[in-house]
Amino acid sequence: MQTEADRITTAVQRIREGALRLPAGKRAGYVYENILRQQDQARRFVAMRKPPAGWSLAQSEELIRGLVELEAEFRAAGRIAA
């Protein structure tokens with residue numbers, strides 16, 4: 001059984017793999033779009049009277065933090081390559 005931390009790590013890894021399939025210049029943008037999608041989803045769930053089972057704001061925040069770190073990593077790699 002996966003823990004919350006495992007699920008977050010897996011989600012970030014899947015997004016990383018998706019970004020790595022793109023040209024280097026588009027990777028940070030891909031991750032940024034995923035950050036926006038996760039923020040929008042968290043906003044909708046917070047506004048719901050009864051959020052989906054298994055969802056938590058803390059878990060969403062942790063996922064977004066992981067994605068922000070990933071985006072920063074790709075942006076830094078883009079600056080180094082340029």
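Of the contacts in the chain with a separation of 6 or more, 68% join residues 24 or more positions apart; a contact means heavy atoms within 4.5 Å. This is a predicted model, in which local features need pLDDT of at least 70 and side-chain atom pairs count only at pLDDT 80 or more, while totals for chains, interfaces and linings use all residues. Residues are numbered from 1 along each chain as its sequence is written, and side-chain values use heavy atoms, with hydrogens and water left out.

Let's start with the overall picture. The chain has 3 helices and 0 strands, giving the pattern α-α-α along the sequence. Helices (H or I, at least four residues) and strands (E, at least two) are DSSP runs, numbered from the N terminus. The C-alpha trace spans about 45 × 30 × 15 Å along its principal axes. Of the 82 residues, 26% are buried, where buried means under 20% relative accessible area, exposed over 50% and partly exposed in between (1.4 Å probe, protein chains only). The accessible surface is about 5,900 Å², and carbon and sulfur atoms own 55% of that; areas come from the Shrake-Rupley method with a 1.4 Å probe, and for residues only the protein chains shown count as cover.

Now for the pockets. On a 1 Å grid over the protein atoms alone, a pocket is an open set of points where a 1.4 Å probe fits, with protein on both sides within 12 Å along at least five of seven lines, and lining residues have an atom within 4 Å of a point. Points are joined across faces, edges and corners, and a volume is the space filled by probe spheres set on them.

| Pocket | Volume | Lining by class |
|---|---|---|
| Largest | about 200 Å³ | 5 nonpolar, 5 polar, 1 charged residues |

For the classes, Ala, Val, Leu, Ile, Met, Phe, Trp, Tyr, Cys and Pro are nonpolar, Asp, Glu, Lys and Arg are charged, and the others, Gly among them, are polar.

The lining of the largest pocket includes Arg7, Phe45, Trp55 and Gln38. Helix H1 (4-20), helix H2 (27-47) and helix H3 (57-81) each give two or more residues to that lining. Gln38 lies in helix H2 and counts as buried because its relative accessibility is 16%. Leaving aside residues up to four places away in sequence, Gln38 touches Leu63, Ile64 and Leu67.

In the second largest pocket, 11 residues form the lining, with Ala24, Gly25, Ala28, Phe74 and Gly78 nearest its centre. H3 gives the most here, with 5 residues.
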